[in-house]
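Subject: Handover of a structure and its findings

Dear colleague,

Please find the structure below. My notes on it follow, and I would ask you to read them with the model open.

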Amino acid sequence: MPSATVRVRVPAKINLHLGVGDLRDDGYHELVTIFQAVSLYDELSLTPADELSVVTRGAPGVPEGAANLAGRAVLLLAEHAGRHPGVRVEISKQIPVAGGMAGGSADAAAALLGCAHLWHLDLPRSTLVALAAELGSDVPFALTGGTAIGTGRGEQIAPVLTRHQWHWVLAIAGDGLSTPAVFGELDRLREQSPGPRVGPVEDVLAALARPDAAALGEALGNDMQAAAISLQPSLRRVLYAGTAEGALHCLVSGSGPTVAMLCADADHAADVAARVAGLGVCRTVRVVNGPVPGARVLGA
């Protein structure tokens with residue numbers, strides 16, 4: 001049995017566009033979204049062991065073992081490959097838990113890729129992506145990274161060409177939000193009043209094709225933002241603070257509560273981050289850029 005440890009780094013994602021359709025018969029919503037992978041990472045170490053175990057550093061209360069999505073990824077790949085799922089997975093968390101940045105999905109993608117390397121499986125990327133889609137809607141994108149458009153539940157992805165680096169400030173709240181709870185709140189709000197929905201995804205695609213941060217800011221949108229604010233009203237203060245302190249545009253990332261603030265360049269992002277951090281409206285502030293690649297084996 002190989003004794004070497006495989007280490008994988010995997011990025012967070014933000015949603016530049018998140019259009020949410022009505023509830024489908026299967027309990028999911030039809031989505032049209034644009035993902036962007038950004039430079040905030042979890043790192044996973046995978047080592048052969050007698051039994052499966054998952055330990056998370058830096059995030060108390062995260063499920064362990066098969067209850068963790070990374071553990072489920074190990075079991076799924078082991079079943080596919082006819083292998084014993086004896087792996088110790090150690091996760092070093094930087095992506096906020098329940099923050100709307102697909103941290104759990106990122107860890108699952110990293111576990112799939114890491115185990116494929118640990119077990120020397122000669123699997124095409126398409127097979128890993130198909131397995132990823134069985135685990136969750138955001139897992140396939142965490143494998144590929146970059147910028148991509150997602151449809152269906154979000155699991156059907158196609159790359160989006162953008163030659164420009166975009167600069168973001170992430171304002172991370174103290175309390176997470178459950179994605180199912182935010183979808184449920186969105187359905188409740190729509191029953192009360194249909195309300196406006198985000199503009200066409202084509203506007204974001206067009207903005208991404210040229211290096212104009214202001215134009216991209218005007219095109220950003222998230223149908224889940226109102227529901228996230230309804231569940232966590234303090235998000236209004238964070239969104240207002242980012243705009244007041246000079247960000248080009250602010251929006252809730254995915255199901256929240258992380259707020260992504262678009263900036264003109266790296267210096268602008270550093271300035272906005274310093275100003276927002278000084279207001280005390282969120283737990284922590286991070287400066288990131290994107291797009292970045294998806295899950296990668298370190299040292300490979």
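This is a predicted model: local features need pLDDT of at least 70, side-chain atom pairs count only at pLDDT 80 or more; totals for chains, interfaces and linings use all residues.

Cys282 counts as buried, since its relative accessibility is 18% and buried means under 20% relative accessible area, with exposed set at over 50% and partly exposed in between (1.4 Å probe, protein chains only). Cys263 is buried as well, with a relative accessible area of 1%.

Residues are numbered from 1 along each chain as its sequence is written, and side-chain values use heavy atoms, with hydrogens and water left out.

How many disulfides does the structure hold? There are 0, where a disulfide is a pair of cysteine sulfur atoms within 2.5 Å. The sulfur of Cys263 has its closest cysteine sulfur in Cys250, 7.8 Å away, which is too far for a bond. Cys282 is likewise in no disulfide, as the nearest cysteine sulfur, again that of Cys250, is 11 Å away.

I turn next to the sheet. An open sheet is formed by 4 strands in the order β9-β10-β7-β11, with antiparallel pairing. Strands (E, at least two residues) and helices (H or I, at least four) are DSSP runs numbered from the N terminus, and two strands pair if DSSP finds at least two bridges between them. The edges are held by β9 (249-252) and β11 (284-290); each has a single partner strand, so one side of each is left without a neighbour in the sheet. Strand β7 (residues 166-172) pairs with β11 in the antiparallel sense over 7 bridges. Within this pairing, Trp168 has Val288 of β11 as its bridge partner.

The open spaces come next. On a 1 Å grid over the protein atoms alone, a cavity is a set of points where a 1.4 Å probe fits but cannot get out, whereas a pocket is an open set with protein on both sides within 12 Å along at least five of seven lines; lining residues have an atom within 4 Å of a point. Grid points are joined across faces, edges and corners, and a volume is the space filled by probe spheres set on the points.

The largest pocket has a volume of about 1100 Å³. Its lining comprises 44 residues, and Ala102, Ser105, Asp138, Thr179 and Pro180 lie nearest its centre. Which element gives the most to this lining of the largest pocket? That is α5, with 5 residues; α5 spans 179-192. The lining divides into 19 nonpolar, 18 polar and 7 charged residues, where Ala, Val, Leu, Ile, Met, Phe, Trp, Tyr, Cys and Pro count as nonpolar, Asp, Glu, Lys and Arg as charged, and the others, Gly among them, as polar.

The second largest pocket has a volume of about 330 Å³. It is lined by 21 residues, with Ile95, Pro96, Val97, Ile172 and Arg283 nearest its centre.

Finally, the structure holds 1 cavity of 30 Å³ or more. About 60 Å³ of space lies in the largest cavity, and its lining includes Pro11, Met101, Asp138 and Phe141. β1 (6-23) and α4 (139-144) each supply at least two residues of that lining, and β1 gives the most, with 3 residues.

Yours sincerely
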